[in-house]
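Me: I would like a close look at one part of this model. Please keep it brisk.

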Amino acid sequence: MDVSDHGSRGAHVLTFPKMSQRGEGLLQAVLNNLLQGVLMFDADARLAFCNPRYVEMYGLSPDVAKPGCPLKDILDHQAAAGAFAEDPDDYIALLRGKVAAVSDRRPPDRH
């Protein structure tokens, strides 16, 4: 998967090399038109993708909601806007613990 800057309201295009161009376009259209906010982070807790609805819901600046932005910066931005009331560092630690617990239960990859 590759992430490219789409340039519109903080949304970004996900590219899937093994997916047809038509399928990729359809997936992109679905993600960008959902009523729910969608975002994805990489293993280093840096933003890989967010759809326009997520940016709108949390009043994020396009300067913040772009690939590579650390989760901490997004949470700090949301807190400043009154959209996040928890301690960002505690939240990230809790989230990382939950992700690690799920990863530990995952069956091994079968190649």
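Predicted model: local features only at pLDDT ≥ 70, side-chain atom pairs only at ≥ 80, totals over all residues.

In which kind of crossing, left-handed or right-handed, does α3 pass α4?

Reply: The crossing of α3 with α4 is right-handed. Helix α3 covers residues 71-80, and helix α4 covers residues 88-105. Their axes lie 10 Å apart, at an angle of about 135°. Angles over 145 degrees would count as roughly antiparallel, and 65 to 115 as roughly perpendicular, so α3 is oblique to α4.

Now the contact itself. From α3 come Leu-71, Lys-72, Leu-75 and Asp-76. From α4 come Pro-88, Asp-89, Tyr-91, Ile-92 and Leu-95. By class, the residues of this contact are 6 nonpolar and 3 charged, with no polar ones.

Next, the largest pocket. It holds about 220 Å³ of space. Leu-71, Ile-92 and Leu-95, named in the contact, are also among the lining residues of the pocket. Phe-41, Asp-42, Ala-43, Ala-45, Arg-96 and Val-99 belong to the lining too. Helix α4 gives the largest share of the lining, with 4 residues. The lining divides into 7 nonpolar and 2 charged residues, and no polar ones. The contact of α3 with α4 likewise has no polar residues.

Note on methods:
Residues numbered from 1 in each chain as written. Heavy atoms only, no water. Axes fitted to C-alpha atoms, helices over the stretch in contact; angles between N-to-C directions. Helix = DSSP H or I, 4+ residues; strand = E, 2+ residues; numbered from the N terminus. Parallel < 35°, antiparallel > 145°, perpendicular 65-115°, else oblique. Left-handed = near helix turned anticlockwise from the far one by under 90°. Contact = heavy atoms within 4.5 Å. Nonpolar A, V, L, I, M, F, W, Y, C, P; charged D, E, K, R; others polar. 1 Å grid on protein atoms, 1.4 Å probe; cavity = no way out; pocket = protein on both sides within 12 Å on 5 of 7 lines; lining within 4 Å. Points joined across faces, edges and corners; volume = space filled by probe spheres on them.
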